[in-house]
Amino acid sequence: MKRVLLGDEAIAQAAIDAGLSGVYAYPGTPSTEVTEYIQMAVARNPQLAIFCKWATNEKTAMEAALGMSYMGKRALVCMKHVGMNVCADAFMNAAITGVNGGLVVLAADDPSMHSSQNEQDSRFYAKFAMIPCVEPSNQQEAYDLTRYAFDLSEQLHEPVLLRVTTRMAHSRAVVQTAEVRAQNDMSFPHNVQHFILLPAFAKRNYAELVAAQPTFIKESEQSGYNFYYKGPQPEKAIVTTGIGFNYFREALGNDKGASASILKIVQYPLPEALIQQMVADGVKQILVIEEGQPVVEELLRGLVPSDVVIKGRLTGDLPRMGELTPDCVREALGFPPLQTREPDNLVVSRPPALCQGCGHRDMYAALNEVAREYTNPRIFGDIGCYTLGALSPFHAIHACVEMGASVTMAKGAADAGQHPAIAVIGDSTFTHSGMTGLLDCVNSNANVVVLISDNLTTGMTGGQDSAGTGRLEQICQGLGVAPEHIRVVVPLPKNMEEIKQALREEIDYNGVSVVIARRECIQTLKRHLKEAKK
């Protein structure tokens, strides 16, 4: 069957067709649509019997997926690149335990930081863990490689990293789907000690992982997805990875095409035999076209003679930061650009803003009024749509680093003597990674106010379920916050004086306070009201 699918949707459909038993994820652009697609498929056809509820964070998702793999079932973990940082402990150790059922870890990188606080290249994680990685160059490969990754995982008894980038995840193409495979039967691992990482067992497992590296390289070299073409002028070569191959093909346009040799890399570790063949054919200059950081460009320097000139992002032949574009690839290949760049100041940028009617707006309005009553207040923000409180018209927060950092940064500031020290965090981010920080605050009786802006959903990524909905007060009390210092307010203009008074009282209290500003996200409210009218 042929279908027009996003790259994310192609991965999701491939996982279903490959006999998936569970998908585990925390929403994060550009990975969110994979899990949502599977959720919608299960809603239409419950007989698929795929577990598909959102996890509290990426670490719990990775651990739960490993547990499903332990039982012989196929599991998919989905996250954006910064989620790899959150799940790194479980991810790295999964390479040491190995897997039973196929386990595929999708990392969706976001070069140019369209919706992220940094640029990362998740291929480093695959190399760090010493496990195979696949990186599709188009939507059909996204489908095919996902199915292949599950098979490869079970063949090698290791997790496989599936790396995509924003353009691959969020662009559409026609995809030919294949036959549907039944889910695996439940089965226990043959060697339970593999999953017990006591030092004696872990040392043996690690030795096996190291010994398996030549096998992983051989699989990459023999993969039908990697290929080498000797061009008429083999002294020059183009090395492409993932979607870089699409940019390369597009850059050729109506020109006669490249006379250089071409090495297309889709599966890692690097196919060393194909690289040595390129060297044997007399290559003297290599241009590396890869989306993300110069991973292959750096690795090639240890695999080819020192007199071979390697060009790419490190040399400035391609931009060091951000996404590739058809024109920057054309220019690196020596072709003229197809488009003339307009001046950067021709169109005034329009920064994002909080929705009209959003409860975060009223929360920030009250917070700003109260903060002005104190000398040098510090307000530590967090990751979510409420981060837009840093922009006009509020300019309300002084820091935003990563998920959960608001609480512990406020604690550290209070430890240094700062007062008031206020953390602003959303309900989903709080359960993702803010709870442990609050426990630290309780254990040291830090003089902080944690303001949880509870819109009853994961708003920034489209309104997915939030893990703490309806339970935030109980969670905070369970962590040790005194019940009388857990305040709940409704952020509406008519309640402004009540909100401000609650904030003043908790700022003046010498200890840990939590103020929960609760009002449903205006976008999910509109959807719920529309559904109620049907």
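Where does Pro420 lie? In this predicted model, Pro420 is placed in the loop between H16 and strand S15 (421-426). Most peptide bonds are trans, and most residues other than glycine have a negative phi.

Some residues carry a positive phi. Asn376 is not a glycine, yet its phi is positive, at about 50°. Asn376 belongs to the loop between H15 and S14. Its relative accessibility is 56%, so Asn376 counts as exposed. Asn445 also has a positive phi of about 50° without being a glycine. This residue is found in the loop between helix H17 (427-443) and S16. With 46% relative accessibility, Asn445 counts as partly exposed. His157 has a positive phi as well, near 60°, and follows helix H7.

Helix H7 spans residues 139-156, 18 residues in total. From its first C-alpha to its last, H7 reaches 25 Å, close to the 26 Å expected at 1.5 Å a residue. Its N-terminal end is capped by Asn138. There, a side-chain oxygen of Asn138 lies 3.2 Å from the backbone nitrogen of Gln140. Of the 18 residues of H7, 14 are buried, so the helix is largely enclosed by the rest of the structure.

Gln13 is part of helix H1 (residues 7-17). Its relative accessibility is 11%, below the 20% cut-off, so Gln13 counts as buried. Leaving out residues up to four places away in sequence, Gln13 touches Arg3, Leu5, Tyr37, Tyr143 and Thr177. Val180 is 167 residues from Gln13 along the chain, while their C-alpha atoms are separated by 9.8 Å.

Arg163 lies in strand S6 (residues 160-165). At 1% relative accessibility, this arginine is counted as buried. Its side chain makes a polar contact of 3.3 Å with the side chain of Asp121. Beyond four places in sequence, Arg163 touches several residues, among them Asp109, Asp121, Arg123, Glu135 and Glu291.

Thr457 occupies the loop between strand S16 (448-454) and helix H18 (472-478). A relative accessibility of 4% makes Thr457 buried. A polar atom of its side chain lies 3.2 Å from the backbone oxygen of Gly463. Residues touched by Thr457, beyond four places in sequence, include Asp427, Ser428, Gly463 and Cys521.

The cysteines were then considered. A search of the whole structure finds zero disulfides. Cys355 is in no disulfide, and the nearest cysteine sulfur, that of Cys358, is 6.2 Å away. Cys355 is partly exposed, at 33% relative accessibility. Cys521, a contact of Thr457, is likewise in no disulfide. For Cys521 the nearest cysteine sulfur belongs to Cys385, 6.4 Å away. The relative accessible area of Cys521 is 12%, so this residue is buried.

How many aromatic pairs does the structure hold? There are seven. In one of them, the rings of Tyr70 and Phe195 have centres 4.9 Å apart and planes at 80°, so the pair is edge-to-face. Tyr70 is in helix H3 (residues 58-70), and Phe195 is in the loop between strand S7 (172-176) and helix H9 (199-211). The pair therefore ties together parts that are 125 residues apart in sequence. Tyr70 is partly exposed, with a relative accessible area of 24%.

Tyr364 and Phe394 form a tilted pair, 5.7 Å centre to centre and with 35° between the planes. This pair links distant parts of the chain, 30 residues apart. Tyr364 comes from helix H15 (residues 359-371), and Phe394 from the loop between strand S14 (378-380) and helix H16 (405-415). Both residues, Tyr364 and Phe394, are buried.

Ring pairs also link Phe227, Phe245 and Phe248 into a cluster. Over the ring of Phe245 sits the charged end of Lys264, 4.6 Å from the ring centre.

Terms used: Residues are numbered from 1 along each chain as its sequence is written. This is a predicted model: local features need pLDDT of at least 70, side-chain atom pairs count only at pLDDT 80 or more; totals for chains, interfaces and linings use all residues. Side-chain values use heavy atoms; hydrogens and water are left out. Helices (H or I, at least four residues) and strands (E, at least two) are DSSP runs, numbered from the N terminus. Buried means under 20% relative accessible area, exposed over 50%, partly exposed in between (1.4 Å probe, protein chains only). Contact means heavy atoms within 4.5 Å. The expected span of a helix is 1.5 Å times one less than its number of residues. A polar contact is a pair of N or O atoms within 3.5 Å; within protein, one must be able to donate a hydrogen and the other to accept it, and residues adjacent in sequence count only if both atoms are side-chain atoms. A disulfide is a pair of cysteine sulfur atoms within 2.5 Å. Rings of Phe, Tyr and Trp (its six-membered ring) pair if their centres lie within 6.5 Å; planes under 30 degrees apart count as stacked, over 60 as edge-to-face and the rest as tilted. A charge sits over a ring if NZ of Lys or CZ of Arg is within 6 Å of the ring centre and within 35 degrees of the ring normal.
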